[in-house]
Amino acid sequence: MSAAQARRAAVAAQGFGGATRRGRPSRATLAATARHLGLLQLDSVNVAVRAHYAPLFARLGPYDRDALDALAWPQTAAQRRRRTMVEYWVHEASLLPVEDWPLFRWRMRDNEKRQSRWLGNALDHRPDILDAVHEVIEAHGPLEASEVARVLGDAGDRVARAHGGWWQRSDVKVACEHLFATGVLTTGTRRGFRRAYELSERVLPPEVHALRPERDESMRALIRRAATTLGVATEPDLRDHHRLPPAESQAAVAELVDAGELVRVDVEGWPAPAYRPPDARLPRRVTGRALLAPFDPLIWFRARTLRIFDFHYRIGIYTPAEQRTHGYYVFPFLLDGRLVARVDLKADRVGGVLHVPGAFAEDGVEGRDGARVAAELAAELATMAGWLGLDGVAVDGGGDLAPALAQAVSAGGWT
């Protein structure tokens with residue numbers, strides 16, 4: 001494959017380039033798109049929009065965020081019957097399809113053996129806290145960690161005597177996270193983005209919770225899913241999607257190649273072999289535009305982003321202010337299958353404005369191309385502002401694209 005073919009295949013596999021923005025997406029469309037992506041990464045930063053909302057907007061356009069919340073964190077009995085997503089440690093903290101949760105039983109078992117980076121402080125020295133937290137959530141869940149601590153505090157001497165001593169509120173939070181990592185608990189719902197823990201057996205359908213797939217079977221299933229989502233990918237690309245152990249990922253890829261479920265390909269300029277599903281789309285051209293949040297699955301593996309798009313990207317929130325090159329929370333801009341610009345964004349919810357503290361064109365974007373990029377980006381920013389309930393866009397920062405972008409925003413009446 002040429003580098004351009006591989007890039008188009010990767011973009012198309014991620015849900016771009018087709019006629020996807022046709023009116024307001026239904027709940028079924030949201031669920032299907034999230035299922036195809038395999039996971040939506042969660043992150044607490046809310047400078048522009050929370051990370052898990054942005055990938056669906058990039059692919060589908062404006063949608064009802066409450067509808068996604070209902071699929072992931074239902075509040076009513078009717079919503080719980082239609083739940084399609086659940087939380088676990090996947091790429092990082094993530095929403096994943098309910099039916100994929102058992103594919104991470106191996107990770108839960110590793111966590112029980114203290115063999116995973118996802119676990120943190122396992123409280124080995126205080127199993128009494130784990131028992132007490134489990135009992136409280138079983139009796140009262142779903143509960144936030146602070147609510148569990150409050151129940152335990154109200155129980156006073158009785159709980160202390162039953163479990164061998166006293167503990168701090170921070171210990172309760174660690175215990176909740178331990179039980180989450182080992183699959184005993186999951187997120188029943190969220191309140192103000194705070195996790196409320198519930199027994200996983202009461203959140204998942206019984207037939208899903210009962211599944212215990214073998215470890216190697218899970219590895220192959222997860223590599224298949226990653227390959228479908230990525231289109232064309234090296235083994236490290238496939239591995240990174242669900243953060244699989246290297247040796248087991250390599251074995252799963254080899255087994256799927258032998259079975260004819262993956263095709264090995266050499267991509268021009270790529271330093272390692274790549275793989276694609278036999279039915280992967282190989283479009284001759286890709287059209288359309290999208291703003292990609294820092295945790296979008298098309299770009300979250302930075303080595304792959306550099307290889308496919310020749311786009312060096314680092315998220316500014318982890319960089320000291322004086323070392324940031326493009327801003328704090330920067331969205332790359334995808335246009336017709338290429339990353340052509342990047343914009344630093346901040347939503348001012350009080351003032352009702354989507355601020356652009358910085359706007360930068362990529363190398364080679366100039367003249368007539370630069371004017372088109374500015375016009376398309378201005379329109380997409382206006383669409384995002386409306387989706388977020390904001391009244392307009394303010395280009396009030398620097399960058400070589402900022403003057404043309406400000407002019408395009410003004411010409412469109414979006415300022």
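Colleague: What covers the buried residues of H18?

Modeller: Keep in mind that this is a predicted model. The cover over the buried residues of H18 includes strand S12 (338-348) and strand S13 (353-361), along with helix H17 (367-387) and strand S14 (392-398).

Colleague: Which residues of H18 are the buried ones?

Modeller: H18 runs over residues 402-411, and Ala402, Leu405, Ala408 and Val409 are buried there.

Colleague: How do you know that they sit on the same side of H18?

Modeller: They cover an arc of only 125 degrees around the axis, so they end up on the same side of H18.

Colleague: Why are H14 and H15 called oblique to each other?

Modeller: Look at the angle: the axes of H14 (residues 235-242) and H15 (residues 246-258) come within 10 Å and cross at roughly 120 degrees. Roughly perpendicular stops at 115 and roughly antiparallel needs over 145, so an angle between those limits counts as oblique. H14 and H15 are therefore oblique to each other. Their crossing is right-handed. The contact is made by Glu235, Leu238 and Arg239 of H14, with Pro246, Ser249, Gln250 and Val253 of H15.

Colleague: Where is Arg243, and why is it called partly exposed?

Modeller: Arg243 is in the loop between H14 and H15. Its relative accessible area is 26%. Buried means under 20% and exposed means over 50%, so a value in between is called partly exposed. That is why Arg243 counts as partly exposed. Arg243 also has a positive phi of about 55 degrees, although it is not a glycine.

Colleague: Then what makes Phe193 buried?

Modeller: The cut-off for buried is under 20%, and Phe193 has 19% relative accessibility, so Phe193 counts as buried. Phe193 is in the loop between strand S5 (185-191) and strand S6 (194-199). Its phi is near 70 degrees, a positive value in a residue other than glycine.

Colleague: How do you know that Asp100 is buried?

Modeller: With a relative accessible area of 5%, Asp100 is under the 20% limit, so it is buried. You'll find Asp100 in the loop between strand S3 (93-97) and helix H6 (105-112). Asp100 and Met85 are 15 residues apart in sequence and, C-alpha to C-alpha, 9.1 Å apart in space.

Colleague: Last one: which residues have the most contacts inside the largest nonpolar core?

Modeller: Those are Val133, Leu238 and Phe331, in a core of 112 residues. H17 supplies the largest share of this core, eight residues. Apart from it lies another core, of 23 residues, among them Ala6, Val232, Phe309 and Phe311.

Definitions and conventions
Residues numbered from 1 in each chain as written. Predicted model: local features only at pLDDT ≥ 70, side-chain atom pairs only at ≥ 80, totals over all residues. Heavy atoms only, no water. Buried < 20%, exposed > 50% of the residue type's maximum accessible area, 1.4 Å probe, protein only. Helix = DSSP H or I, 4+ residues; strand = E, 2+ residues; numbered from the N terminus. Arc of directions from axis to C-beta. Contact = heavy atoms within 4.5 Å. Core = buried A, V, L, I, M, F, W, Y, C linked by side-chain atoms within 4.5 Å. Axes fitted to C-alpha atoms, helices over the stretch in contact; angles between N-to-C directions. Parallel < 35°, antiparallel > 145°, perpendicular 65-115°, else oblique. Left-handed = near helix turned anticlockwise from the far one by under 90°.
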